[in-house]
Amino acid sequence: MSVQNYLQKGLQQDIHQRFKTKHRTPWYNVPVVWIPEGVIFKRSHLYPKLLKNEARVLFTDTAYRICPKEGFNIDSIIYSFYNSLTLIFCELNGRFYGGGVLELTPKEFKGLPIPYKSISEEQFLDFKKLFTKSESIEQILQQNDTQLLIGLELTSSDLERLREIRQKLLIHRLKNKMNLPSLIKHWGIAIQSSFLDTSVSTPVINVASVSQRSPFRYPGGKTWLVPRIRQWLSNALTKPQKFIEPFAGGAIVGLTVAFDQLADLVILVERDEQVAAVWETIINTQDGAEWLANQIATFELTPEAAEAVVSSRTRIIRNKAFKTIIQNRINHGGILAPGAGVLKHGENGKGITSRWYPETLQKRILDIAKIKQRLKFIRGDGFEIIRKNLRNNKAVFFIDPPYTVSAKKAGARLYKYHQVDHEELFWLASRIEGDFLMTYDDAEEVRALAVKHRFETRLVAMSNTRNTTMTELLIGRNLDWVI
Ligand SMILES: C[S@@+](CC[C@H](N)C(=O)[O-])C[C@H]1O[C@@H](n2cnc3c(N)ncnc32)[C@H](O)[C@@H]1O
């Protein structure tokens, strides 16, 4: 439609008689329209776009018009705008909505600190080319940060930190709102753990406040996580039908869930024959718990007696269970894997008896037997049980596989079965229709897998038996309940 026809149509519809048009001459003239030298879009996704209006177009209120003050020019303003510090202030001054979009008002935009540097026309042309050549805004920022911020007496490690801060703010804004792998692509760099949640804001759990239910002292045991498990499950809308612990070990989490009746049924799975023998005896065998408790209560623990039990070769499950309990109590750190050393001095020079509390063990075993209708133990592969229950949306999984980044406590020394396909495990977790919670050492490789599957991560504090505070990474689909 030609402009003439368009105006004619307006006249036919009496648009010229309306409130605003009646006061304009000619009626179709829109006042306060001027062609800006530059514009900034009110809303943005990965970063605000400040553009030069080379096409001399008019803008509606989706973009703010920019007219440089005297002594400044638009090329240099645009160039100086793209640096990590200014973009951090965009994130901080602006606000974002549910969908993750960032919005800046004119006042907020005017309040942004811009380390202004005057550049030539040629420099601006080169700068413009960067936007077509670069794979991500990160590359542009990297270059501009050095050019603009070094002048502010910031060191290169300060610049690194600024970039991390901006990326952290960006993740916070866009979390769950976009495909994280594509976010990484935009950055053109891998996510480093430091961008995410290095600061632990959650309180450290006092392990002494948690009832010990397991007869094991287990390497990598998750007693410290018990309060969090309660938080997690109490946050669910309905009580889970099945609570599955595919890498049960000492099973403190699963046992607590069964004792506290936080799920209808708890399924424990463990591959290690020795550990499994204990659970089979207590949970799956008629009178097994009573037998085992009695063996423990009547056993006189001496180095010779212990040696006799430990060196015995037996195929009988309950004997194997007893042997396992003894080994677990006399070995360093409760380690059952081949090559584990025996406690020589133990606590207060008590040697192998320093961890031997027969009455406590007896009670724990008998208590578990009392709730065995809510427990099921399977000796086998944790992966299998996950696969079998993937589609059950009333099943929740607590996944604590053998994994450690620390060279000192290499997984191989802690567990006989320490090799697990973590890629596969994350993939399986992504197909779980119910809920799940995983716990891992905080490692780059683990975080990358979490990002790949769009899982959330939270670094939480834990204290070990020596009261040293350490951190552990929780992984799940939605960790809003972690407070
Ligand atoms: C980190 S530990 C679990 C500790 C446990 N959450 C606790 O609090 O005591 C990992 C356990 O997974 C077991 N494991 C390794 N591979 C397995 C597999 N494929 N299926 C089942 N269990 C496995 C190991 O024997 C070890 O006991």
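1. Let's start with Thr-439. Thr-439 is buried, because 22 other C-beta atoms lie within 10 Å. Here "buried" needs 20 or more other C-beta atoms within 10 Å of a residue's own, "exposed" means 12 or fewer, and "partly exposed" is in between, with C-beta atoms placed from the backbone. Thr-439 sits in strand E11, residues 435-440. Helices (H or I, at least four residues) and strands (E, at least two) are DSSP runs, numbered from the N terminus. Thr-439 touches Lys-222, Leu-225, Asp-400, Glu-472, Leu-473 and Leu-474, leaving out residues up to four places away in sequence. For a contact, the C-beta atoms of two residues, placed from the backbone, must lie within 7 Å. Tyr-403 is 36 residues from Thr-439 in sequence, with 9.4 Å from C-alpha to C-alpha.

2. A word on what you're looking at. This is a predicted model, where local features need pLDDT of at least 70 and side-chain atom pairs count only at pLDDT 80 or more, while totals for chains, interfaces and linings use all residues. Residues are numbered from 1 along each chain as its sequence is written.

3. Now the overall picture. The chain has 21 helices and 13 strands. Of its 483 residues, 34% are buried. Take the contacts in the chain with a separation of 6 or more: 67% of them come from residues 24 or more positions apart.

4. Next, the inside. The largest nonpolar core has 74 residues, and Leu-268 and Phe-397 have the most contacts inside it. Such a core is a set of buried Ala, Val, Leu, Ile, Met, Phe, Trp, Tyr and Cys residues joined through C-beta atoms within 7 Å. Which helix gives the most to this core? That's helix H13 (residues 273-284), with seven residues. Apart from this core lies another one of 22 residues, including Tyr-79, Tyr-82, Leu-104 and Leu-149.

5. Follow Leu-268 and Ala-251 together. Not counting residues up to four places away in sequence, Leu-268 touches Glu-245, Ala-248, Ala-251, Gly-254, Trp-279, Leu-375 and Phe-377. Ala-251 is in the loop between strand E7 (242-245) and H12. Ala-251 is buried, since 32 other C-beta atoms lie within 10 Å. Its phi is near 55 degrees, a positive value in a residue other than glycine. Most residues other than glycine have a negative phi, and most peptide bonds are trans.

6. Two other backbone spots are worth a look. Gln-261, in the loop between H12 and E8, also has a positive phi, near 55 degrees. Gln-261 counts as exposed because it has 11 C-beta neighbours inside 10 Å. Thr-25 and Pro-26 are joined by a cis peptide bond, with omega about -15 degrees. Pro-26 lies in the loop between helix H2 (19-22) and E1.

7. On to the ligand. It has 25 residues around it, and the closest are Tyr-218, Phe-247, Gly-249, Gly-250 and Gly-382. A residue is near a molecule if its C-beta atom, placed from the backbone, lies within 6 Å of it. Helix H12 (252-259), strand E8 (265-270) and helix H18 (382-389) each supply at least two residues of this shell. By class, the shell has 14 nonpolar, five polar and six charged residues. Ala, Val, Leu, Ile, Met, Phe, Trp, Tyr, Cys and Pro count as nonpolar, Asp, Glu, Lys and Arg as charged, and the others, Gly among them, as polar.

8. Parallel or antiparallel: how does H14 run against H17? The axes of helix H14 (residues 288-297) and helix H17 (residues 358-370) come within 9 Å and cross at roughly 175 degrees. That makes H14 roughly antiparallel to H17. The contact between H14 and H17 has 11 nonpolar, one polar and no charged residues.

9. Phe-299 is partly exposed, with 16 other C-beta atoms within 10 Å. Setting aside residues up to four places away in sequence, Phe-299 touches Ala-305 and Pro-358.

10. Last, helix H3 (residues 74-81) is mostly covered, with seven of its eight residues buried. The cover over those buried residues includes strand E1 (38-41), strand E3 (50-52), helix H4 (84-93) and helix H7 (137-149).

Technical notes. Axes are lines fitted to C-alpha atoms, for helices over the stretch in contact, and angles run from 0 to 180 degrees between N-to-C directions. Angles under 35 degrees count as roughly parallel, over 145 as roughly antiparallel, 65 to 115 as roughly perpendicular and the rest as oblique.
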